[in-house]
Amino acid sequence: MTNFASALWIEILKMFRSKVPLFTAVGFSMVPLAGGLFMVILKDPGAAKSLGLITTKAQLLTGTADWPSLFGFLAQGVAAGGMILFSIITIWVFGREFSDHTIKELLALPTSRETIVTAKFIVVAVWSLVITIIIFGVGLTVGSLVVIPGWSAELVRTSFINIVGTAALTIPLMAFVALLASAGRGYLPPFGLTIFTLFLANLSAILGWGDWLPWAVPGLFSEAGGPREELLGVHSYVILAVASIIGFVATYLWWRDADQTQ
């Protein structure tokens, strides 16, 4: 087995031997479940009101009780919730070495630091995408149980691309979270960065500058169809790609050159 395969296998074992994958999957499942609840409210506002549910809030968030609205809710949930959830995954993968004081043992292995970092990034990416696909499946199940109109094979295909694409645009930005989890030697600094960038993303989108901020691009991308084309340009994807590359390079350089004696 090559050094890279060994490093990747170690990261996979760490993941499966912890409860974090289960917790992240259950936590992210709240998005389609919440979407299903809003569909129920919108299908029968009178009954929902008698139960004390806020129909106006549901209408503002989802619109009407149909499949396009549910898929739109899922996409926006992946854009906002994914930024937090994927950050938690990244923080755990990179930061646990410092909180568990295993970083010295890890770096003592006959494996280059670049290989270790690459294995960690692959685990983060695959883990995040798998959870996103699971959430899409949960959303399909919830929508079928609620029985809402508007189903079509083409809608499912485009919605799947929209939701997975939103996640795929979010995941590269986790390089900055990995950098702070490493340089900060723990969990708090990268989580603070996540909250800060999420705030900036929402603020820039409101002000109309979201297409120039990498962290706002996934949220704008989640707007399916025409709005996405109006809100984003080629420059938006270029800026996101350049920012992500900077994050990856900075993380690799830190692991290669930083003093790890502490």
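Buried means under 20% relative accessible area, exposed means over 50%, and partly exposed lies in between, with a 1.4 Å probe and protein chains only. The legends below describe a predicted model, in which local features need pLDDT of at least 70, side-chain atom pairs count only at pLDDT 80 or more, and totals for chains, interfaces and linings use all residues. Residues are numbered from 1 along each chain as its sequence is written, and side-chain values use heavy atoms, with hydrogens and water left out.

**View 1. The chain as a whole.** The chain holds 14 helices and zero strands; helices (H or I, at least four residues) and strands (E, at least two) are DSSP runs, numbered from the N terminus. Of its 262 residues, 47% are buried. Residues 24 or more positions apart account for 78% of the chain's contacts with a separation of 6 or more, where contact means heavy atoms within 4.5 Å.

**View 2. The ring pair of Phe121 and Tyr252.** Rings of Phe, Tyr and Trp (its six-membered ring) pair if their centres lie within 6.5 Å; planes under 30 degrees apart count as stacked, over 60 as edge-to-face and the rest as tilted. A search of the whole structure finds 13 aromatic pairs. In one of them, the ring centres of Phe121 and Tyr252 are 6.1 Å apart and the planes stand at 45°, so this pair is tilted. Because Phe121 belongs to helix α8 (residues 113–146) and Tyr252 to helix α14 (residues 234–257), the pair ties together parts that are 131 residues apart in sequence. Phe121 is buried at 11% relative accessibility, whereas Tyr252, at 24%, is partly exposed.

**View 3. The aromatic cluster and the surroundings of Phe94.** Ring pairs join Phe94, Phe121, Phe248, Tyr252, Trp254 and Trp255 into a cluster. The charged end of Lys120 sits over the ring of Phe94, 5.8 Å from its centre; the criterion is NZ of Lys or CZ of Arg within 6 Å of the ring centre and within 35 degrees of the ring normal. Leaving aside neighbours within four places in sequence, the contacts of Phe94 include Val117, Phe121, Ala178, Thr251 and Trp255.

View 4. Among the buried residues of α14 are Leu240, Gly247, Trp254 and Trp255.

View 5. A nonpolar core is a set of buried Ala, Val, Leu, Ile, Met, Phe, Trp, Tyr and Cys residues joined through side-chain atoms within 4.5 Å. The largest has 64 residues, and those touching the most other members are Phe28, Phe71, Phe86, Ile89, Val93, Phe94 and Trp127. Its largest share, 16 residues, comes from helix α6 (residues 67–99). Val20, in helix α2 (residues 20–28), is buried at 16% relative accessible area. Not counting residues up to four places away in sequence, Val20 touches Trp92 and Trp127.

View 6. Val147 is placed in the loop between α8 and α9 (153–170). Most residues other than glycine have a negative phi. Val147 has a positive phi of about 65° although it is not a glycine. With 57% relative accessibility, Val147 counts as exposed.
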